[in-house]
Amino acid sequence: LEAAKTVLGHLLDIPGPSKIITTAALGAPIYARCFDNDRFGVALWGLTGTLKSSMIKKIMCIYGIGYIEDVNLLKFGRNNSTLVAMQEILAGAGILPVPVDNVKAVDPKDYQQYVSMIHNVTEGGDKLRSKKDGGLRDNKPYHCTPIITGEIKPEEASTSARVLNLKWEKPSS
């Protein structure tokens with residue numbers, strides 16, 4: 001426990017919005033339990049090489065040391081993840097935070113995928129779909145908190161209102 005307190009202290013000492021991101025990651029399960037129909041996301045926006053992904057991986061290690069590996073980051077973009085795969089991962093995360101890495105809204109399809117992902121999560125579920133033989137498909141609920149890193153923030157008002165967008169600069173120490 002003492003080692004954990006020390007590590008948490010070091011994490012909170014990182015300059016910039018590290019306290020906000022850490023609080024969001026630690027509080028995600030509590031928030032999800034207490035506010036069942038109220039979702040939000042947190043995002044770090046900054047230049048390449050500013051250690052955004054490294055910061056997120058270190059914060060996520062609160063939930064297990066496996067998060068230090070890149071393979072446990074949900075890589076964003078149609079060259080990395082389809083929207084359907086992202087939806088499965090986000091819904092399957094339950095009440096935990098989910099690191100969504102490397103958002104770049106330069107491709108129109110990636111832009112739309114980001115907007116769709118944020119709206120689905122913050123609204124608590126995917127859009128309704130029908131079955132071929134009638135009726136509705138099962139709609140998986142979202143209880144997770146996306147913690148996003150990226151370089152180019154999609155400029156879309158309703159999406160930006162659902163995500164706490166933070167400017168990230170490389171820590172000097």
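Is D70 buried, partly exposed or exposed in this predicted model? D70 is partly exposed, at a relative accessible area of 44%.

**View 1. Five strands make up an open, parallel sheet.** The strand order is β2-β3-β4-β1-β5. At the edges are β2 (74-75) and β5 (163-167), each of which pairs on one side only. Strands of a sheet pair through backbone hydrogen bonds, and the pairing can be parallel or antiparallel.

**View 2. Strands β3 and β4 pair in the parallel sense.** Strand β3 covers residues 97-104 and strand β4 covers residues 145-152. Six bridges link the two strands. In one of them, V100 has I148 of β4 as its bridge partner.

**View 3. Helix α3 lies across part of the sheet.** The helix consists of residues 52-60 and lies across β1 (41-45), β3 and β4. Its angle to β4 is about 165°.

**View 4. L8, L26 and I62 form a nonpolar surface patch.** Together the three residues have about 210 Å² of accessible area. L26 belongs to helix α2, residues 18-34. The relative accessible area of L26 is 39%, so this residue counts as partly exposed.

View 5. K5 is partly exposed at 49% relative accessibility, whereas E2 is exposed at 53%.

**View 6. D70 and K57 form a salt bridge.** Their closest N and O atoms are 2.7 Å apart. D70 is in the loop between α3 and β2, while K57 is in helix α3, so the pair ties together parts that are 13 residues apart in sequence.

**View 7. E88 and K140 form a salt bridge.** The closest N and O atoms lie 2.5 Å apart. E88 sits in helix α4 (residues 83-92) and K140 in the loop between α5 (108-123) and β4, so the pair ties together parts that are 52 residues apart in sequence. E88 is partly exposed, with a relative accessible area of 42%. K140 is also partly exposed, with a relative accessible area of 42%.

Methods
Residues numbered from 1 in each chain as written. Predicted model: local features only at pLDDT ≥ 70, side-chain atom pairs only at ≥ 80, totals over all residues. Heavy atoms only, no water. Pairing = 2+ DSSP bridges. Helix = DSSP H or I, 4+ residues; strand = E, 2+ residues; numbered from the N terminus. Contact = heavy atoms within 4.5 Å. Axes fitted to C-alpha atoms, helices over the stretch in contact; angles between N-to-C directions. Patch = residues over 30% accessible without salt bridge, like charges linked within 9 Å, V, L, I, M, F, W, Y side chains within 5 Å. Areas by Shrake-Rupley, 256 points an atom, 1.4 Å probe, with all protein chains shown as cover. Salt bridge = Lys/Arg side-chain N within 4 Å of Asp/Glu carboxyl O. Buried < 20%, exposed > 50% of the residue type's maximum accessible area, 1.4 Å probe, protein only.
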